[in-house]
Amino acid sequence: MKGKEEKKIRLDGYEIELVKFAEEISYYLQKSGAGAENARDISQDVLVKMLESEIILPFEKIRAWMYRVAIRLYIDRYRRDKKYWEILQREFFKDENVISFAGPEYEPLYRAVSMLKRKYRLVIDLYYFQDFSIKEVSKILGITSSKVKVDLMRGRQELKKLLEREGYYYEDFK
């Protein structure tokens, strides 16, 4: 690079070891059931906390401290997400919040949707009948937007097969 000086951050031995511990913690959390993204976030949080803190620990105890902090963060995040999911279930998936299919002409559609696998039924209901966006469905169900799109596609395919077996077609429900 002519004319432009490239700047590099140099880590000292202590910081290099902390980064290695953080990578190790991320791997450990993933093996323990955390999603890759959550594991990376938690290990980065622990690394930053360690770098910013003024904790004075012997080097041989730092690894154990970082693991303890990471496990606590993971448990706190799990509890928060579980509580969030319970609130969603309680507040948004009540029978009175479900939009009923209006009129007897929608009965075959209702039966077909109710016969779908749960994961397809949920995304189809949230997206088409509750009018949530793909991003919102993703957050509600705790899955990626890509997974929502795939489940919607597969759910529609299954729904189409079920309806056609009964002699109905998409145009019947416009």
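Predicted model: local features only at pLDDT ≥ 70, side-chain atom pairs only at ≥ 80, totals over all residues.

Residues are numbered from 1 along each chain as its sequence is written, and side-chain values use heavy atoms, with hydrogens and water left out. The protein has seven helices and zero strands.

**Overall picture**

- Along the sequence, the pattern reads α-α-α-α-α-α-α. Helices (H or I, at least four residues) and strands (E, at least two) are DSSP runs, numbered from the N terminus.
- The protein has 174 residues, and 27% of them count as buried. Buried means under 20% relative accessible area, exposed means over 50%, and partly exposed is in between, with a 1.4 Å probe and protein chains only.
- Take the contacts between residues at least 6 apart in sequence: 63% of them join residues at least 24 apart. Contact here means heavy atoms within 4.5 Å.

**Salt bridges**

- The whole structure holds six salt bridges. A salt bridge is a side-chain nitrogen of Lys or Arg within 4 Å of a carboxyl oxygen of Asp or Glu.
- One of them pairs Asp45 with Arg77, with the closest N and O atoms 3.8 Å apart. This pair links distant parts of the chain, since Asp45 sits in helix α2 (residues 36-52) and Arg77 in helix α3 (residues 59-92), 32 residues apart.
- Another salt bridge joins the side chains of Asp151 and Lys147, at 3.0 Å from N to O. These residues are four apart in helix α7 (residues 145-165), so about one helical turn separates them.
- Asp151 is buried, with a relative accessible area of 2%, while Lys147 is partly exposed at 32%.
- Glu158 and Lys161 also meet in a salt bridge, at 3.8 Å from N to O. Both lie in helix α7, three residues apart, which is about one turn of the helix.
- Glu158 is partly exposed, at 31% relative accessible area, and Lys161 is partly exposed too, at 47%.
- Shared partners connect some salt bridges, joining Asp41, Asp45 and Arg77 into one network.

**Aromatic pairs**

- There are two aromatic pairs in the whole structure. Rings of Phe, Tyr and Trp (its six-membered ring) pair if their centres lie within 6.5 Å; planes under 30 degrees apart count as stacked, over 60 as edge-to-face and the rest as tilted.
- Tyr28 and Tyr67 have ring centres 5.4 Å apart and planes at 65°, so this pair is edge-to-face. It links distant parts of the chain, with Tyr28 in helix α1 (residues 13-31) and Tyr67 in helix α3, 39 residues apart.
- Tyr28 is partly exposed at 37% relative accessible area, but Tyr67 is buried at 16%.
- What is the arrangement of the rings of Tyr127 and Tyr128? Their centres are 4.8 Å apart and their planes are at 90°, so the pair is edge-to-face.
- Tyr127 is partly exposed, with a relative accessible area of 29%, and Tyr128 is partly exposed at 41%.

**Two buried serines**

- Ser43 belongs to helix α2 and is buried, at 5% relative accessibility.
- The side chain of Ser43 reaches the backbone oxygen of Arg40 at 3.0 Å.
- Not counting residues up to four places away in sequence, Ser43 touches Ala22, Ile25 and Ser26.
- Ser26 lies in helix α1 and is buried, at 6% relative accessibility.
- Leaving aside neighbours within four places in sequence, Ser26 is in contact with Ala39, Arg40 and Ser43.

How values were computed:
Polar contact = N/O pair within 3.5 Å; in protein donor to acceptor, adjacent residues only side chain to side chain.
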